[in-house]
Amino acid sequence: MLNDDFNQEKPTPSASQQKKRPRSLRPLLYIIILFAAILVSTIIIATYNRSAPLNKYAKTLQFQLYYPRSLPNDYKIDETSITVSNDILNYTIQSPNGAVQCTQQAAPDSLASYRIDGFSPVATPIGSMLVGTAAGGSTAIIKTPSTLITLRATNNKAEAAIMQIAQALQPLQQKPSE
């Protein structure tokens, strides 16, 4: 009788009664990590490539260069327009609707506190800015500790772009302290 109980087949549990094996979360974790790595790499490469046109000038000029981390829709830096003359960096930010001329140069010491009649002060993340009309177009003049930046719209359609570009400027690289 004892032997009969031992040899009897045990009833198999139904599919609903069987315990489901927990799925391993490792493959999902690997996919998430891979996706995050690709995203971070893409952001780094895009940021570097966006500022690449000015990178080669950063070492030769004796002041901090600034580059917009973003540009208004349809605006792009015209890489063929980048020039350096008398330690002044010049380039054009172009769109089908107009252009913004940008110059960057070492800030003169005499501009410790500057004002220009007809220009209004505006704060930016990198320094104080004056906005007004000069040389036939809307103009923004930004003073940072080491750099004087001028943005000038070539027509009325580019006026709004000046403010967006000015607010998006960030240091291209830190200059070693002298």
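The structure is a predicted model, in which local features need pLDDT of at least 70 and side-chain atom pairs count only at pLDDT 80 or more, while totals for chains, interfaces and linings use all residues. Residues are numbered from 1 along each chain as its sequence is written, and side-chain values use heavy atoms, with hydrogens and water left out.

**Overall make-up**
- The protein chain has three helices and nine strands, where helices (H or I, at least four residues) and strands (E, at least two) are DSSP runs numbered from the N terminus.
- Along the sequence, these elements follow the pattern α-α-β-β-β-β-β-β-β-β-α-β.
- Of the 178 residues in the protein chain, 32% are buried, a term for under 20% relative accessible area, with exposed meaning over 50% and partly exposed in between (1.4 Å probe, protein chains only).
- Among contacts (heavy atoms within 4.5 Å) between residues at least 6 apart in sequence, 51% join residues at least 24 apart.

**Strands β5 and β6**
- Strand β5 (residues 120-123) runs antiparallel to strand β6 (residues 128-134), and four bridges join them; strands pair if DSSP finds at least two bridges between them.
- With four residues between them, β5 and β6 form a hairpin, and P121 has L130 in β6 as its bridge partner.

**Around L25**
- L25 lies in the loop between α1 (2-7) and α2 (26-58), and it counts as exposed because its relative accessibility is 63%.
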